[in-house]
Amino acid sequence: MASSIPPPEVLKNPPNIPEKQLFGPGPSNMSHEIRHSMDAPLLGHLHVEFCQIMDDCRVGIQYLFQTKNPLTFAVSGTGHAGMECAVMNLLENGETFLVIQNGIWGLRAANLGKRLGLNVQTIILPEGSAASLEQIREGIIKYKPKVLFICHGESSTGVAHPLKGISEICHENGTLLLVDTVASIGGTEFDADALGVDCVYTATQKVLNAPPGLAPISFSEKAVEKIKNRKTQCVSFYFDALELGNYWNCFGEPRRYHHTGMISMVYSLRAALAAIAKEGIENEIKRHKENIVYFHQKLEDAGFKLFVEDKDLRLPCLTTIRVPEGIEWKAVIDKLMAQKIEISGGLGSTLGKIWRIGTFGINSDKTKMDKIVSALKDATFSANSKVN
Ligand SMILES: Cc1ncc(COP(=O)(O)O)c(C=O)c1O
């Protein structure tokens, strides 16, 4: 029988995939090694060789987060999957979830908490700022949350939230500390164990320079205890941390099928973690921190104003720039895109006010930064970028 729907004409031609310089807030460019790691043949998701690659990733993620937590693995899904996995496992319906909201990611965590039937409370701060220890203490004493959420690298504003001293306040009050490091891990200091973080997740497409699709995550002993003592099952089977922990061999028990692992993505994660291990995480962070000072100086010399005023709060891998008065922000982005250079506009409440430039992993490079500053300057100050 002839099919009633003919094959789509569009599929007869190859797709258009130009090589671009990805300086938006992610994804970033892949290194040659990471890109080619995905050319390897597929293995089965429980084959001994693939299990070994998963084990390699697990220790690589422990290194990335600086933790000895056994329950450390990668969720199949993007950064949002990491967020959902963390919140769904750490909290049960009706429990209190306190969220520091200084940009879109706090807003997103609060939204997710409401969908899950949590009692969501927020500490709302002006964009471009971070919470003080006093504000956090007040919030914890007032709401007595089971979990406090902080976004370490708020990619909608360019703020790196300080983390020192927070877990002590949390733990004195029976609260677990959950940290989003999607836009910060590898680009600025983070030591999960020293900071007393109970759950941390990230994503592969920023400093790791791998494709989007996996969310490394880690749970502390306190977090595991809370999960094991839940009164109700995790609402999601797919994101159940104990099921995933078994599949990722976190408990030393025989692995069970949970879902079909993201085989080629896991190869790319291994390659990304190997690159970080080779450079050394402290060298990688140092490089980002040194290069960002250079980049910010060049931007200021070119006449741009940075959005985050407090230098100590600036993320070393993502820069936010105020759109100058009278300039059409989108026209500038389009001009750069015509040169195959991606930068991005604001997100949420920063839309229209700022540009965001990610310099993640291999893109944290002075020569590349020089090119971006020069292209941005040309695009901004040329006549046809002015608001009519
Ligand atoms: C800080 C932060 N958290 C979470 C996410 C969500 O990640 P994804 O888009 O990979 O789902 C992003 C994405 O940019 C992010 O920057």
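How many cavities of 30 Å³ or more does the structure hold? The answer is one. The views below come from a predicted model.

**View 1. The largest cavity and its lining.** The largest cavity has a volume of about 40 Å³. Its lining is made up of Gly-158, His-296, Leu-306, Val-308, Arg-314, Leu-315, Leu-318, Thr-319 and Thr-320. Strand E11 (residues 318-322) gives the largest share of this lining, three residues. By type, the lining residues are four nonpolar, four polar and one charged. Rolling a probe the size of a water molecule over the atoms shows where empty space is left.

**View 2. An open sheet that contains E11.** Three strands form this open sheet, in the order E11-E14-E13. Their pairing is antiparallel. E11 and strand E13 (344-345) are the edge strands, and each pairs on one side only. Between E11 and strand E14 (residues 354-358) there are five bridges.

**View 3. Strand E10 and its two partners.** Strand E10 covers residues 214-219. Is E10 mostly covered or mostly exposed? It is mostly covered, with six of its six residues buried. Leu-214, Pro-216 and Ser-218 point one way from E10. Ala-215, Ile-217 and Phe-219 point the other way. Strand E2 (residues 71-76) pairs with E10 in the antiparallel sense, over six bridges. Strand E9 (residues 199-201) also runs antiparallel to E10, joined by three bridges. Which residue of E10 is the bridge partner of Thr-72? That partner is Ser-218. Ser-218 is the bridge partner of Val-200 as well.

**View 4. The largest nonpolar core.** This core has 87 residues. Those with the most contacts inside it are Phe-73, Leu-90, Phe-97, Leu-148, Leu-178, Phe-190 and Phe-219. Helix H10 (residues 263-279) supplies the largest share of the core, nine residues. A second, separate core has 23 residues, including Leu-306, Ile-327, Ile-333 and Leu-336. In soluble globular proteins, nonpolar side chains tend to be buried together.

**View 5. The surroundings of Phe-190.** Which residues does Phe-190 touch, not counting residues up to four places away in sequence? They are Phe-65, Gln-66, His-152, Leu-163, Val-179, Thr-181, Ile-185, Leu-195, Val-197 and Val-200. One of them, Val-200, has Ser-218 in E10 as its bridge partner.

Conventions: Residues are numbered from 1 along each chain as its sequence is written. This is a predicted model: local features need pLDDT of at least 70, side-chain atom pairs count only at pLDDT 80 or more; totals for chains, interfaces and linings use all residues. Side-chain values use heavy atoms; hydrogens and water are left out. Buried means under 20% relative accessible area, exposed over 50%, partly exposed in between (1.4 Å probe, protein chains only). Helices (H or I, at least four residues) and strands (E, at least two) are DSSP runs, numbered from the N terminus. Two strands pair if DSSP finds at least two bridges between them. On a 1 Å grid over the protein atoms alone, a cavity is a set of points where a 1.4 Å probe fits but cannot get out, and a pocket is an open set with protein on both sides within 12 Å along at least five of seven lines; lining residues have an atom within 4 Å of a point. Grid points are joined across faces, edges and corners, and a volume is the space filled by probe spheres set on the points. Ala, Val, Leu, Ile, Met, Phe, Trp, Tyr, Cys and Pro count as nonpolar, Asp, Glu, Lys and Arg as charged, and the others, Gly among them, as polar. A nonpolar core is a set of buried Ala, Val, Leu, Ile, Met, Phe, Trp, Tyr and Cys residues joined through side-chain atoms within 4.5 Å. Contact means heavy atoms within 4.5 Å.
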